Amino acid sequence: MRLLLLLPLLLTVSCTSGQPEDRRIVVTFSGSALGAEGELLTRHIARFEQANPGIHVRIQRTPDDATQRHQLYVQWLNARAGEPDILQLDVVWTSEFAAAGWLLPLDRWKPDAGAFFPSTIAANTWANSLFAIPWYMDVGMLYWRTDLLPHAPASMEELAADAHSARSRGVPYGIVWQGARYEGLVTSFVEFLGAFGGRILADDGRVVVDSPEAIRALTFMRDLLTSGAAPTDILTWHEEESRFAFQNGAAAMMRNWPYALTLLKSPTDSRVARKFAVAPMPGAPGGAPTATLGGGALAINAFTEHPDAAWKVVEFLTAPEQILDRSKLSGYPPRRALYDDPRLGEILPIPVPLARSIVEHAVARPATPIYSQLSELLQIDLHRALSGQLPPDRALHDAARDMNALVERTHVRELVAGSAR
Amino acid sequence: MTPIQPAPSRAPRPESEARTGWLLTAPALLAILVIALFPLAWTVWESLHEHDLRMPWLGRPFVGLGNYLTILHDARFWQALGHTALFAIISVTVELVLGLALALAMNRGFRGRGVVRAAVLVPWAIPTVVAALLWRFIFDSQAGIANVVLTNVGILHHPLVWFVHAATAWVPVILADVWKTTPFVALLLLAGLQSIDKELYEAASTDGASAWWQLTRITIPLLKPAILVALIFRTLDAFRVFDLIYVMTGGGPGTSTEPVALYTFNALLQNLEFGYGAALSVIIFLVTFALAMLYMRGLGLDLGGPRRR
Amino acid sequence: MTGRIASRVGLVLLVLFAAFPFYWAVVASFTPEATLFREPTLWPRELILEHYRALFAERDFLTPVKNSLIVAGTTTVFCVTIGAFAAYALARIEFAGKRVVLAFILAVTMFPQISIVSPLYMLLRGMHLINTYPGLVLPYVTFAMPLAVWLLVGFFRQLPPDLEEAAMVDGASRWQSFTRVILPLTGPGLATTAILTFIYCWNEFLFALSFTLGPERYTVPVAIALFRGQYQVPWGQILAATVIATAPVAVIVLLFQRRIVQGLTAGAVKG
């Protein structure tokens, strides 16, 4: 009898998590827990634990810098660590980790995939299985100065004209985007690409980034630089540098993610607090307005010891109530029905129809395990073209050649036929 | 006529010498082996396989020297090697010269010397990532104080976008590295300087030797061991430079500032090509090892030091 | 005379070069961020304490500082003691295989850290040392030891060759001649090695990021890295943290400076 009483004591003493009592299942959640995001997450976890008293969720912070978080995940998963059980993934990592066998396919729990925007589901699907549930959407948007332009440009041609007219009136920068040699350059490019009707991957998995449409898109971007509509400075800019340029009033237009919105509205720090609005990046003949899909999704570690508990957490955090709540932060909800919910209008910083129009044009980057490598090859040649080292058509032919060689070498197309875009 | 020989009890016998030697060295060796052996062996072993973590269906075939052959034909690798060499040569040279100057200056007696030394060591105490961010910030085209100062002084006519051209991108990178690690070199050389017998200088001064002569004929030759250590370790670090360039330029514009370590990082932790990345690591190792041996030959120093008679 | 002036001027320039970015960091840590990106000026126009407040109120910055001190301190003690033994043997005792040992010790540091980090993680995980102090101290000792050994070998070699024999003539054992005679004379060398090792550990980022899991074991560089949001770099707080984190190191260095000078004056030369 005494042994039985001793056992829980022993368990408590030997427990390394330092929590008061843990006869509950403990699952670890890894993701962003900074500032407002952290508070929201803690609240949602608390709600979850109330509804599920048998499960305790431990939050493990990982760096928000994408490269560092990716690196840590690779190390842990490669060593087959069972924790963290739940992983917050950048939307472009899902295929990579899924193909490596590091994520659990979610089909066994029959998630309601149809309730989400198709682009978000496509981004998180690999080999016809869903591996992560979309948590929030980041989409590229056009921020524009309402005091300098009569309305948002409705086409790329108008965008160029607007940029020049602003410049002629003394505004230093007509338009700015993220042009440094990193993933942000590709996300900016994808919007121009879509505008002119181009794609990175064809349906059969071949790289078509050197199509005439794509060359037109890159030439358009290059022309913005050479004509002075955009400053060459942007070739070293990430998100923050472009945000500051717009915030200080130096730019008439800016392509950036939703996070900048709240910061730009701050009356103390922002010089453009009441003088800007957002719009979708415009299209051009032959293409359509395009918003690059970013954001996060939640996935389950393939080596977890508590798959069902982990799934419960994921399901809860991505349930409509929680996603609605999360819209107070900077991303947009990936659930379609929420856009008909009147409560969303009170939460989103921009009008719901506008948000819907942007989000419906969201385009996922290719969902393939070799995406980061393809992106890197593309970044290099895009940057060369934009900085004048190569003409746009040469740059894109080089990129396509190298990217296709990679695709061939890794035999990815055989597995991907149909699910790559 | 008695031969001058140490009494037997005083001269240690070679066998017990060797035992003492090994006994004293063992703890250090053990500490290193326990941790280092597995990763090093694993890296070499991985380098002999084709292993892409993203594509387990391709398996993990043994390819012998296949990865190495691919590397030899990889233009981007050779460019990276060139960048690394450029970075290493320039930064190490500047650091050595500046470090020596600093060490010589700090060696003189003057008031506030301790504070100066501490102040000079501060850059080195700052984490590399922060130092890189700081210098990138200083050379930013919008918010950077460098452009402000240079245009005000008249050296520049209008703000330069430093990181957009390969040639100018290297300037902040090398400046940041020099700023950060010259203190390390200076400290090394200072310690070496302080072991040089001052009487040598006094004798030379009495004989009318100039400061330059004293520097080149007394100081530098006697500093050779310290210079060798500084050279080896700085070159090692320069060849493995990663954090600094990753944060400042990301390897850009294009790939014009990409060093081999960043290329290896991409292969390993971004693209998950473990076999290829491991081979790159082994090559970095071989190059740095060859360089170290070259230094020792060039400086005429033996690993084991002067033999005792 | 001109030599004197030239060296003074040179020294001032060098000190300025070394100190300026840090001065800028201090200034920036008291400046609102929006101002920094708008019109940076050499002399601050407004000073705020916001960043420092946020540092301690919102982020528990003392814990990483404590962790860094513990890890760096422990590693330094190990490296200097064990390294001194090995360096003494390698510098002053002839034994077969010594060159190989020196070469091996050096070779260990020639692999890029990033290639070692994955297998090292697997090893430490197997030893259940992830997120512990030993889990950081062990790799740090391994990779800081070579520098310590090489430095100390250099210092030991500079001593006159027959010191031990003289001591042993007087009846001392080899061990005693080492501890009583040799070691005290290498004060400057030991101090220098200690400083260099300490700063190596203080700065180290990759291993610290990979082998710690939570705030209870983060070191300073890791904590600073976690300040960053996905796109935003909170400059004010990062620089404030840097200023604070550099202070203990500067203090330790100042303390060790005394040692070096003392060791010098013991050698009958003017300082």
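**Exercise 1. Describe the contact between chain C and chain A, and state which helices of chain C supply it.**

Step 1. In this predicted model, 20 residues of chain C are in contact with 19 residues of chain A; two residues are in contact if their C-beta atoms, placed from the backbone, lie within 7 Å.

Step 2. On the side of chain C that touches chain A, α2, α6 (113-126) and α11 (206-211) each supply at least two residues. Helices here are DSSP runs of H or I with at least four residues, strands are runs of E with at least two, and both are numbered from the N terminus. The largest share, 5 residues, comes from α6(C).

Step 3. The residues of this side of chain C divide into 11 nonpolar, 6 polar and 3 charged. Ala, Val, Leu, Ile, Met, Phe, Trp, Tyr, Cys and Pro count as nonpolar, Asp, Glu, Lys and Arg as charged, and the others, Gly among them, as polar.

Conventions: residues are numbered from 1 along each chain as its sequence is written, and chains are lettered from A and ligands numbered from 1 in the order in which they are written. Local features need pLDDT of at least 70 and side-chain atom pairs count only at pLDDT 80 or more, whereas totals for chains, interfaces and linings use all residues.

**Exercise 2. Determine how many residues of chain C meet chain B, and give their classes.**

Step 1. The contact joins 92 residues of chain C to 83 residues of chain B.

Step 2. On the side of chain C that touches chain B, α1(C) provides the largest share, with 13 residues.

Step 3. This side of chain C holds 68 nonpolar, 17 polar and 7 charged residues.

**Exercise 3. Characterise chain B and the packing of its helices α3 and α9.**

Step 1. Chain B has 12 helices and 0 strands. Of its 309 residues, 50% are buried; a residue is buried if 20 or more other C-beta atoms lie within 10 Å of its own, exposed if 12 or fewer, and partly exposed in between, with C-beta atoms placed from the backbone.

Step 2. Among contacts in chain B between residues at least 6 apart in sequence, 69% join residues at least 24 apart.

Step 3. Helix α3 (residues 75-107) and helix α9 (residues 211-239) of chain B pack at about 145°, with axes 9 Å apart. Axes are lines fitted to C-alpha atoms, for helices over the stretch in contact, and angles run from 0 to 180 degrees between N-to-C directions.

Step 4. Among the residues that meet are F87(B) and V92(B) in α3(B), and L231(B) and F239(B) in α9(B). The residues of this contact between α3(B) and α9(B) divide into 8 nonpolar, 4 polar and 2 charged.

**Exercise 4. Examine helix α15 (residues 371-386) of chain A.**

Step 1. The 16 residues of α15(A) reach 22 Å from first C-alpha to last, close to the 22 Å expected at 1.5 Å a residue; the expected span is 1.5 Å times one less than the number of residues.

Step 2. 15 of the 16 residues of α15(A) are buried, so this helix is largely enclosed by the rest of the structure.

Step 3. G388(A), which follows α15(A), has a positive phi near 85°.

**Exercise 5. Describe the backbone at P84(A), R80(A) and H128(C).**

Step 1. E83(A) and P84(A) are joined by a cis peptide bond with omega of about 0°. P84(A) lies in the loop between α3 (66-78) and β3 (86-90) of chain A.

Step 2. R80(A) is found in the loop between α3 and β3 of chain A, and its phi is positive, near 60°, although it is a residue other than glycine. R80(A) counts as partly exposed because it has 13 C-beta neighbours inside 10 Å.

Step 3. H128(C), in the loop between α6 and α7 (133-157) of chain C, is not a glycine but has a positive phi of about 60°. With 11 C-beta neighbours inside 10 Å, H128(C) counts as exposed.
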